[in-house]
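Here's a quick tour of a protein model for anyone new to reading structures. Have a look at it first, then work through the notes below.

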Amino acid sequence: MVPAFALRDISLGYLGFEVLRVDELVVPQGGMAFVIGPSGAGKSTLLETLGLMSDTFIKGGGGTPEFRIEGEAFAPATLWSAQRRRLADIRRERFSFIFQSTNLMPNFTIWENIRMASFSGDEPEEDVRARVGSLMDALNLPRHTLDKPAHAVSGGQRQRIAFIRAMVKDYSVLLADEPTGNLDPENAVILFEVLKKSVTDSGRTAVVVTHHVELAERFGDLVIELEPGARKELGGQDGAASPARLRTRTGAWDR
């Protein structure tokens with residue numbers, strides 16, 4: 001099966017500053033990959049790269065840089081200068097996102113937030129409502145929450161709503177940045193159980209950044225662990241750190 005993502009000999013960062021060096025990374029289709037590591041190691045940078053959210057490519061890591069999305073090859077050096085429209089098409093047609101800040105529009109109802117982002121204009125509204133209702137039941141959210149404005153619900157409810165909004169969209173890859181950050185442990189487990197069942201049943205792929213290492217190892221088919229680089233000593237003082245690197249291991253579900 002063609003991987004969802006394949007990267008080789010790529011360095012990532014911003015404004016010429018190297019944050020993360022990727023010697024090789026392959027994310028298979030049809031499972032859950034978790035990205036773990038300490039703050040500042042480059043977890044969000046990696047997610048931004050995979051999700052085509054910003055230009056994070058710095059240079060090759062020593063060999064010939066390679067970046068593939070579901071088998072389609074891109075040249076990192078010219079990706080953002082020559083193919084911006086293609087990247088927008090991929091984000092719209094193939095990807096769905098869960099942002100750490102949820103990005104709900106506060107004065108619109110929960111239902112309006114979900115419906116606007118679902119990109120399912122040809123699907124009857126009652127069918128969308130039925131799918132949303134089933135997800136709300138699974139996540140212990142009362143269905144009448146749909147009629148509330150987004151600013152009137154709690155942080156934990158907003159986070160679960162952001163998850164539902166992403167799940168309703170037709171996608172092949174879901175990219176999530178700390179989707180359980182505002183949830184208690186019980187609801188975090190429930191959310192990952194719902195996501196695991198969805199990607200398993202549908203053959204879709206999820207890439208999730210999380211600080212919950214135990215949940216990553218419990219639910220992940222692949223765990224991507226980022227290791228910060230050592231700080232360099234400059235004139236007796238700490239200087240800039242070398243770029244972080246990553247290593248992968250299979251999750252507990254495969255052991």
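Met105 sits in the loop that links strand 7 (95-98) and helix 4 (110-117); helices (H or I, at least four residues) and strands (E, at least two) are DSSP runs, numbered from the N terminus. Bear in mind that this is a predicted model, where local features need pLDDT of at least 70, side-chain atom pairs count only at pLDDT 80 or more, and totals for chains, interfaces and linings use all residues. Residues are numbered from 1 along each chain as its sequence is written, and side-chain values use heavy atoms, with hydrogens and water left out.

- Met105 counts as partly exposed because its relative accessibility is 39% (buried is under 20% relative accessible area, exposed over 50%, partly exposed in between, with a 1.4 Å probe and protein chains only).

**Strand 1 and its partners**
- Strand 1 (residues 5-14) has eight of its 10 residues buried, so the rest of the structure largely encloses it.
- Strand 1 runs antiparallel to strand 2 (residues 17-27), with nine bridges joining them; strands pair if DSSP finds at least two bridges between them.
- Phe5 has Val27 as its bridge partner in strand 2.
- The two strands make a hairpin with two residues between them, and Leu15 in the turn has a positive phi of about 50°.
- Strand 1 also pairs with strand 5 (residues 66-69), antiparallel and over four bridges.
- Ala6 has Arg68 as its bridge partner in strand 5.

**Around Val132**
- Besides neighbours within four places in sequence, Val132 is in contact with Trp111, Ile114, Leu146, Ile164 and Val168 (contact means heavy atoms within 4.5 Å).
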